[in-house]
Amino acid sequence: MAEYNLVSECVGLITLRNPPVNALSAAVRQGIVDTVQRALSDPNVKSVVICGQNGIFCGGADIKEFGSNMTGPPLIPMIHAIESANKPVVAAIEGSALGGGLELALGCHYRIAHSKARLGLPEVTLGLLPAAGGSQRLPRLIGVPAALNLITTGRHVTAAEALQLGIVDQVTDHNTVDAAVKFALSVAGRSLGPRRISAHPCPQQPDLDALFEEVMQKVRQSARGAIAPIACVQAVRAAATLPYAQGMERERELMATLFTSGQARALQYCFFAERAVGRWRMPSGARWDTSKPRPLHKAAVIGLGIMGRGITVALAQTGLSVIAVETQEKQLMEAKQAISGMLERGAKRRGVAPALDRVIYSQNIQAVADVDLVIEAVFEDIALKTKVFQQLSAVCKPGTLLCTNTSALDVDQLASETPNPELVVGMHFFAPAHVMKLLEVVYGPRSSPQAVATAMQLGKKMGKASVAVGNCRGFVGNRMLKPYIEEAFFLLEEGATPELVDQALEEFGFAMGVFRMSDLSGLDVGWRIRKGDGLVEPSTASGRSTRIRQGRRYSPLGDLLCEEGRFGQKTGRGWYQYDKPGSRVARSDPWLHSFLGAYRAQHGLVARRIDHQEVLERCLYALINEGFHILDDGIAAGPEDIDVIYVSGYGWPRHRGGPMFYANMVGLAKVLERLEHYQQLHPEVPHLQPSSLLRRLVASGSPPIHKWGEAIKKLHSQL
Ligand SMILES: CCCCCCC/C=C/C(=O)SCCNC(=O)CCNC(=O)[C@H](O)C(C)(C)COP(=O)(O)OP(=O)(O)OC[C@H]1O[C@@H](n2cnc3c(N)ncnc32)[C@H](O)[C@@H]1OP(=O)(O)O
């Protein structure tokens, strides 16, 4: 797993071989130990170069090993042996040097990087810290502020930035290994003392205490309960204040706590889940590896409201030519201005030229005749969308894929309005579409595997977490959101306040509680949907509204606020009050509290004390329960799909792994027991009725999440 060659007569070349990313598995570590030993004991070898095969230096420790008993030589002594070698060791960095990979390079005496390489210590994103000496060496090399930034965010830096920071000694556009060998020859015999980073003190930093206090405060605020970023700050503080050996001891202690934590397990699960969703499969048996996507050169977007504009930007930034269609001239001109602004700002951020000339604007749907794919983003109205789909079917060249950005309508119904339903899929983007990571690719029973493969590949090119899901009301994300929001409304009826519910959810780690989120996205959105479902009724003569509708408990609270014109941030009033319409700082609203009091009195409801635990159990378990229904219905292929959707699109805290992973951590039996408990108290609430899949999983011994797939298949085959 590490190959050894003698090159240029006196350079020992060690090549890490562990595809695809040369992760530091036990075998690779053993290979490094053996080959370094061989190079150091060969009197002909004057210097050593370490590189990785296939254009990548090293993607870090092997994350798959973390879940098992780790064997093989440990990383820390291996890196120490390199640093204390009496011959210069040069790291030749191509592709990526991440985590343990960069820590290995920091143990080398010199680092040469290719100009396209990326370097970083992303351990924090996996719930860990750079515990192979990285938290102690990097601050010594580049100073405390820069090291804190890299280690607490886990961000990857370009070779150019690495050079500027002093992480690498040289950047090359040519063959990196050749450059490193040449460099190794030039430094053979030089004194190595100054090149051993562990022997350096940290560069002096004025007001160290104030700096750490400020960073810790910032990190605590943005961590939303994640423990790794805080441990990272503590580890860097040890580097800044303690001798190296003591700093290493502190690094070890901090890592020991993180390594076995539920958060590390959750974050590592997310890492693999995000990759697993790319290996999509449909109930028909169609799969990612047997379905070939179509090449795409030209796309079109129909409807240039907020969603259409974001989608146009996302497509243009991916390199596609885009025809952007809006029938009203004024709206078209406004959209053009907005899209150009977004493209310009995005390009400035990324340091590239804006893709303005990739977008052609038109009022005429005929302009899309020769595109390969169309994304329809007109108003959420089935009659309007049907008309657009019929027009597109008549206008587009044969084989054009027709995608709808609907968030709530029936993709299959739309497909049935076209002569080629196999070419129709949903591409459910989230606002703002050029920023938000999530894309639900919705297939109907007639969508072709090729259409799904093409939409999934396009999503990946756009940098989205793309998840293939079946067609049902709300697809996966919004379907699960419904019981979550309903429970929050019921809690208000029973005595909670928006502040209490939001606080419980935000302490759990959500970026925003349900009511602050509702104010942000607009209360009128849900109101319109409920009206469409025939759920919104006028109040009776007494002003009292019914609380059982369509045979189940219903809370009209959201409707009543909308009747008052309280649509959230945009009107300056919603579940909270705001300084002015459009302002973002939510303040508690005494009006809302008296409104809730009057509402309860009118309905004979007596407010009771509700604690955070009840808020979490009722909102989250109702959402999770719907997730089990979704798995049972075959709408999502596995729990990873649901979890990626929730973490990347719905603000679920990543360090809790997603709702289904969380259920697995809490224990399926406990989730079932609490749902049964609340269902007994609220028999008129069907979403608290435990899903039969959850019951069957518990009855079959609550298998761990990675075995749910097998269990679901087995349980289905027993039916
Ligand atoms: C008490 C113990 C002390 C131990 C001290 C430990 C200190 C060090 C810790 C670490 O190093 S933790 C790991 C840090 N590294 C990372 O976080 C990098 C993770 N990888 C990536 O960011 C990317 O994979 C990449 C390297 C930038 C390459 O990206 P690309 O898009 O080209 O490929 P992917 O689809 O992401 O990955 C391909 C394939 O490889 C698997 N994989 C990637 N990295 C690792 C890894 N470090 N360990 C194991 N496997 C890895 C990835 O899962 C993909 O496989 P599939 O999941 O698709 O099968």
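Student: Where is the place of A132?

Tutor: A132 sits in the loop between β7 (118–120) and α4 (134–142), where helices (H or I, at least four residues) and strands (E, at least two) are DSSP runs numbered from the N terminus. The model is predicted, so local features need pLDDT of at least 70 and side-chain atom pairs count only at pLDDT 80 or more, while totals for chains, interfaces and linings use all residues. Residues are numbered from 1 along each chain as its sequence is written, and side-chain values use heavy atoms, with hydrogens and water left out.

Student: Why is A132 called buried?

Tutor: Buried means under 20% relative accessible area, exposed over 50%, and partly exposed in between, with a 1.4 Å probe and protein chains only. A132 has a relative accessible area of 4%, and therefore counts as buried.

Student: Which residues is A132 in contact with, leaving aside its neighbours within four places in sequence?

Tutor: Taking contact as heavy atoms within 4.5 Å, A132 is in contact with L75, I76, I79, E103, R137 and E251.

Student: What makes S555 buried, and what does its side chain make a polar contact with?

Tutor: S555, in the loop between β19 (552–553) and α21 (557–563), has 5% relative accessibility and so counts as buried, the limit being under 20%. A polar contact is a pair of N or O atoms within 3.5 Å; within protein, one must be able to donate a hydrogen and the other to accept it, and residues adjacent in sequence count only if both atoms are side-chain atoms.

Student: Why is helix α25 described as largely enclosed by the rest of the structure?

Tutor: Six of the eight residues of α25 (residues 659–666) are buried, so the helix is largely enclosed by the rest of the structure. The buried residues are P659, M660, F661, Y662, A663 and N664, and α25 is followed by G667, with a positive phi near 110 degrees.

Student: What is the phi of S8 and of E9, and are these residues exposed or partly exposed?

Tutor: Most residues other than glycine have a negative phi, and most peptide bonds are trans. S8 has a positive phi near 45 degrees, and E9 has a positive phi of about 70 degrees. Both S8 and E9 lie in the loop between β1 (2–7) and β2. At 45% relative accessibility S8 counts as partly exposed, whereas E9, at 70%, counts as exposed because that value is over 50%.

Student: How is the ligand placed relative to polar backbone atoms of G59, A61 and G100?

Tutor: A nitrogen atom of the ligand is 2.9 Å from a polar backbone atom of G59, while oxygen atoms of the ligand are 2.8 Å from one of A61 and 2.7 Å from one of G100.
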